[in-house]
Amino acid sequence: MEPTQTVCVVGLGYIGLPTAAILAANGNDVTGVDVNPRHVEEINAGRVPFVEPDLESVVAGVVAQGRLRAQATVPHAQSYIVAVPTPFTETYDVDPKYVRAAAESIAPQLRGGELVILESTSPPGLTEKMGEYIIAARPDLTLEPGEHNTIHLAHCPERVLPGRIMIEIVDNDRIIGGVTEQAAEKARDLYATFCKGELLMTDARTAEMAKLVENSYRDVNIAFANELSVISDRLGIDVWKLIELANHHPRVNILQPGPGVGGHCIAVDPWFIVAAAPEDAKLVRLAREVNDAKPDFVLEKVMAKAAKFREPVIAALGIAFKADIDDLRESPSKSIVERLSAEIEHAQVLVVEPNVEALPASLADRANVEHAEVEDAIERADIVLVLVDHHQFKTLDREILAEKIVVDTKGLWR
Ligand code: SAJ
């Protein structure tokens, strides 16, 4: 089979690498570019530098077939996909430095007629801004459609769920946002080589906003659940039962409360909406504030229980940002445990996290913190604090909880 087209993916992280691999597996000739030499080396050896089910077999296959290679420099390609981080600044506005660096590394290779797609989560307007970076570096090119030297720009946000990426990257519907109609058509043709979901055409700004809105929708719904959990606690109502009952209504679907919202998407993206329209994004901002305040509520609850003991032993179950993953970034559970061990120095905190080999330095370095096995931790504890609903915790024999004070933020053992 002849390659469908040459594609260069800039940024070989959680999104860029699966995208590069799936494009290559569907006939495209793909070069992946990454600034991390260790990543480049690993990928060229057919290995994946992070955990994601089923990705490694695809990467190994396409690398062996010569359809995917990784390197440090940007080559010429018919299409480019930019999948780099878009962190936010202290004022919650986007920091476009990685998008800018990617645009500036692509610009020298362009001849006219190429398609440049931004996949990274973006506030409205960043795709157009990427075009400005390209034109600033290459004033001989244009973003006007229909010229021989036109560069086509599109925003096609990824919406895959970590842990299910290789399934969702193929099956999910995909929003294709062109800065021009021609750009959208070109981007659609590229995604059509591997995407079985519907390809939904729109403009770039709407596509940028759609991604932010999807994650904000979830954030607002979780904030509602978290607020209900605080209200229910005060009123002596079981919030899990309450939500279960309310969700029997055919038009009600409340998400689950927890210790707070973590990860690098749902806890981040709503801020881009707030930054874009600070006066108007009232609900979006409030939801962020409610979810960010939930760890304080959990902490106060545990501290009140711990005050009854001279030297409390607290088993903290889970520090990942959600169930059955090893990702500790932006994890409310981890921050609760850090604060707990700092605020009650005379407490012993037994941290259970079956998905990591060792605790992060912020915890490992504390004298009153120990990485423990779940049953041992519970046996030794006065207080059992459930922070993540890992499958190992769900199936525990409840007998071992008798006599223990339980603070269950995930409604695991009701
Ligand atoms: N959470 C709750 N209650 C719930 C559901 C989740 O407290 O009922 C918490 C989780 O514990 C976690 C956080 O929310 O701390 C986020 O978890 P998640 O599983 O909802 O989402 P992510 O961050 O892993 O992935 C999301 C997904 N977006 C949506 O479902 C709208 C994914 O499809 C996106 O691709 C991803 O963000 C992204 O990259 O933006």
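This is a predicted model: local features need pLDDT of at least 70, side-chain atom pairs count only at pLDDT 80 or more; totals for chains, interfaces and linings use all residues.
Local features need pLDDT of at least 70, side-chain atom pairs count only at pLDDT 80 or more, and totals for chains, interfaces and linings use all residues. Residues are numbered from 1 along each chain as its sequence is written, and side-chain values use heavy atoms, with hydrogens and water left out.

**View 1. The shell around the ligand.**

View 2. A backbone N or O atom of R159 sits 2.8 Å from a ligand oxygen. For V160, a backbone N or O atom lies 2.7 Å from an oxygen atom of the ligand. N215 uses its side chain: an N or O atom there is 2.7 Å from a ligand oxygen. Alone, the ligand exposes 780 Å², and the protein buries 87% of that (Shrake-Rupley method, 1.4 Å probe).

View 3. E119 lies in the loop between β5 (115–118) and α5 (126–137). E119 counts as buried because its relative accessibility is 1%, and buried means under 20% (1.4 Å probe, protein chains only). Its side chain makes a polar contact with the side chain of Y191 at 2.7 Å; such a contact is a pair of N or O atoms within 3.5 Å, one able to donate a hydrogen and the other to accept it. Beyond neighbours within four places in sequence, E119 is in contact (heavy atoms within 4.5 Å) with residues including I15, H155, R174 and Y191.

Notes: Helices (H or I, at least four residues) and strands (E, at least two) are DSSP runs, numbered from the N terminus. Buried means under 20% relative accessible area, exposed over 50%, partly exposed in between (1.4 Å probe, protein chains only).
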